[in-house]
Amino acid sequence: LKVAHDLKRELLVLGEDVDDGVAPAFDTMVASYLAEASATHRLEDLAADLLGRRVEGFRESSAGAAAGAAALLPLREHLEATLRERGLESLFHDIEMPLVGVLARMERRGVLEQRGLRGLPPR
């Protein structure tokens, strides 16, 4: 299981070669949107609010990246339990997570190319 925060962004950064190697995955940002609707969905805020951990500069420094990485598994456990309690596991695993790769491909390639419609005249 791959655990990430904002997996779609990571897929865009890593490039096309990862498209088929994503599943199974758990995106803590997507899970937070379902489980913690009133929360802010930044990794730094989730770690502070749900775990009482300080994670600063998640994308800006190696120390921040290490603290963020260390928070991912405990966040996954917390969010997965919340999804289970609220009956949202199927929505998360069967609908939301498969869409992450689709959305990344659409952003990378464009909607028309994704559907094989490249070259059609504009409406």
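Where is the place of E80? E80 lies in helix α4 (residues 62–85). Helices here are DSSP runs of H or I with at least four residues, strands are runs of E with at least two, and both are numbered from the N terminus.

The model is predicted: local features need pLDDT of at least 70, side-chain atom pairs count only at pLDDT 80 or more, and totals for chains, interfaces and linings use all residues. Residues are numbered from 1 along each chain as its sequence is written, and side-chain values use heavy atoms, with hydrogens and water left out.

**View A. E80 in helix α4.** E80 has a relative accessible area of 15%, so E80 is buried. Buried means under 20% relative accessible area, exposed over 50%, and partly exposed in between (1.4 Å probe, protein chains only). Not counting residues up to four places away in sequence, E80 touches F26 and H93. Contact means heavy atoms within 4.5 Å.

**View B. The aromatic pair of F26 and F92.** A search of the whole structure finds one aromatic pair. The ring centres of F26 and F92 are 4.7 Å apart and the planes are at 50 degrees, so the pair is tilted. Rings of Phe, Tyr and Trp (its six-membered ring) pair if their centres lie within 6.5 Å; planes under 30 degrees apart are stacked, over 60 edge-to-face, and the rest tilted. The pair links distant parts of the chain, 66 residues apart: F26 is in strand β2 (residues 25–27), F92 in helix α5 (residues 89–109). F26 is buried, at a relative accessible area of 0%. F92 also counts as buried, at 0%.

**View C. The crossing of α3 and α4.** The axes of helix α3 (residues 43–51) and α4 come within 10 Å and cross at roughly 60 degrees. Axes are lines fitted to C-alpha atoms, for helices over the stretch in contact, and angles run from 0 to 180 degrees between N-to-C directions. The two helices are therefore oblique to each other. Under 35 degrees is roughly parallel, over 145 roughly antiparallel, 65 to 115 roughly perpendicular, and the rest oblique. From α3, the contact uses L43, L46, A47, L50 and L51; from α4, G68, A71, L72, P74, L75, H78 and L79.

**View D. R53 in the loop between α3 and α4.** R53 counts as partly exposed, at 34% relative accessibility. Leaving aside neighbours within four places in sequence, R53 is in contact with A47, A48, A70, A71 and P74. The C-alpha atoms of R53 and A67 are separated by 8.7 Å, with the residues 14 apart along the chain.
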